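Take a look at the protein shown here.

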Amino acid sequence: MGDVLLRDLWFHKTEGVVIEGVAVDDELVVVRATISAERAACPACGTLSTRVHSRYIRRLADTAVGGRPVVIELQVRRFRCCERTCAQATFAEQVDGLTFRHGRRSAGLQTVLQQLAVMLAGRAGARLAHALAVRASRSTLLRLIRRLPEPSPPTPRVLGVDDFALRKGHNYGTILIDIESRCPVDLLPDRTTATVAKWLADHPGIEVICRDRSTAYAEAGRLGAPDAIHVADRWHLWKNLAEAVEKTVVRHRALLREPDQKATATAAPTDVSALEDKPTAHPRTSGRLSERVRRQHPTVHQLLAQGMALRAIARELGLSRTTVRRLAHAATPDELLVGQWTGRTSILDPYKPYLHQRWAEGRRSAVHLFGELQQRGYRGGITIVREYVRRLRDVLPHDDPPRKDPSVRDVTGWITRRPEDLNDDQAERLKKILARCPELDRTAEHVRAFAELMNSRRGRDLGQWIERVQADDLPVLHGFVNGLGQDLDAVVAGLSLRYSSGAVEGHNNKIKMLKRQMFGRANFDLLRKRVLLAGRGRS
């Protein structure tokens, strides 16, 4: 019963293997087994042979059990080939599902490491393998990727084309995606017209090409797949329109500021007389220092009246002679509690008017105010500034600071966003800005019309939208419209058909992750194989 259980545990996918014993040797599980088959087939000619040449022990690493590495000590026979014409004189027997030629791992562990390499590659994969009690270096995992057969995906009917950065700002490649299955088809080492056109010519049968508005990809599609329909990606169309809107907002930046805020920037602060430190000559009447001095002063004078010397008094009370001398020379405790620091001026005094002004303008952060004071010559510490800001919060009324003027990016986002996605404050501020600037108001109308046209896929109405924009005095939008005219058929198809290369963006992010996992040891061929294997479900 035990032998059957052990065999099902380790060799349930193989036939003809008999377990002779299992031993635990210092955190290592050793499984001893033999092959029960009487004959084996020659790998060269396929002839069955029963003539045993020799026997030896193969040590195969296997998946861990209970956090302990496993080694299978398999007794293997070497046979003589009975075919005289065969060039293979002797050969070692193999067990399907367990061994392979020149392998030091079981077939199961080899498959696990291959999947681990495809998912994590170098150092990350090696760390996970170590956690799984399997010895595998990052170089081993990369070699396993190189040895995997390269997948040959079928030519897609709808192809997505986009670029990705091999080295951002320097080298770029091209990724090809099957839009219908959302699987990567291939990676090209550059994004030139000739490379993409050659790939398209070598893979006939592509009916639709989804791409951005790059002229290189447009020309490659016309050369390599002249019969294919070109579809401009809707994401890139909206991105180009948003860039045109941003340029328009920049031209009218002065109108973004709300007029009713101009006076609040120079508003005078509330009365700050309560914050001023008034000089005083009165002694302290509370605090630990006052209590200690008022307790020690009469004691010292009583001992002096008894004829004791200052040194003896210091020993008696556990005080220093300097302290005893000061107490002895003072007629009353109040003389010691009115010192040279009472009512002193602060290093912050010259900068307090500036702090009051900035407080009225809405600047309430002590750290920011400290940085501004340093630029104006302040040489003190931040603790004094923090204490004064705390006092300002206590004395001055807690009015809300003036609302910050919207930036160009804010207004651009409000115009190009769905109206229902704006909160009440954003919608109200945008309404006021559009009322102050007729050009932005007309721009917003055109943007909403284009969004409705794109969402409802009414590409046939694009010509009417273009005519309305051209009839309006909006130079930046005219430039956007002229760009659409240079690739009008692809734009109309992109606004009409359901196809879009949005899946390419997700694979671009996956490529970035795969590149980071290579830790500088990646080359293009290795990266390409990882992307194709991961996309085809090997991971």
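What follows is a short tour, from the whole chain down to single residues.

## The whole protein

This is a predicted model. The protein has 539 residues, and 40% of them are buried. Its secondary structure comes to 21 helices and 12 strands.

The protein exposes about 30,800 Å². Carbon and sulfur atoms supply 49% of that area.

## Helix 7 against helix 14

Two packed helices are described by the angle between their axes and the distance between the axes. Start with helix 7, residues 234–251, and helix 14, residues 408–416. Their axes come within 9 Å and cross at roughly 130°.

Which residues meet? Helix 7 brings W238, A242, V245, E246, V249 and V250. Helix 14 answers with V408, V411, T412, I415 and T416. The residues of this contact divide into 8 nonpolar, 2 polar and 1 charged.

## Helix 11 against helix 12

The second pair is helix 11, residues 352–360, and helix 12, residues 366–375. Here the axes come within 11 Å and cross at roughly 135°. That angle makes helix 11 oblique to helix 12. This crossing, too, is right-handed.

Y354, L355 and R358 of helix 11 make the contact with L369, E372 and L373 of helix 12. By class, the contact has 4 nonpolar residues, no polar ones and 2 charged ones.

## Two loop residues with positive phi

A133 sits in the loop between helix 3 (122–131) and helix 4 (138–147). Its phi is near 65°, a positive value in a residue other than glycine. Is A133 buried or exposed? The relative accessible area of A133 is 19%. The cut-off for buried is under 20%, so A133 is buried.

R182 lies in another kind of setting: the loop between strand 9 (171–178) and strand 10 (183–188). R182 is not a glycine either, yet it has a positive phi of about 60°. Its relative accessibility is 54%. Exposed means over 50%, so R182 counts as exposed.

Definitions and conventions. Residues numbered from 1 in each chain as written. Predicted model: local features only at pLDDT ≥ 70, side-chain atom pairs only at ≥ 80, totals over all residues. Heavy atoms only, no water. Axes fitted to C-alpha atoms, helices over the stretch in contact; angles between N-to-C directions. Helix = DSSP H or I, 4+ residues; strand = E, 2+ residues; numbered from the N terminus. Contact = heavy atoms within 4.5 Å. Nonpolar A, V, L, I, M, F, W, Y, C, P; charged D, E, K, R; others polar. Buried < 20%, exposed > 50% of the residue type's maximum accessible area, 1.4 Å probe, protein only. Areas by Shrake-Rupley, 256 points an atom, 1.4 Å probe, with all protein chains shown as cover. Parallel < 35°, antiparallel > 145°, perpendicular 65-115°, else oblique. Left-handed = near helix turned anticlockwise from the far one by under 90°.
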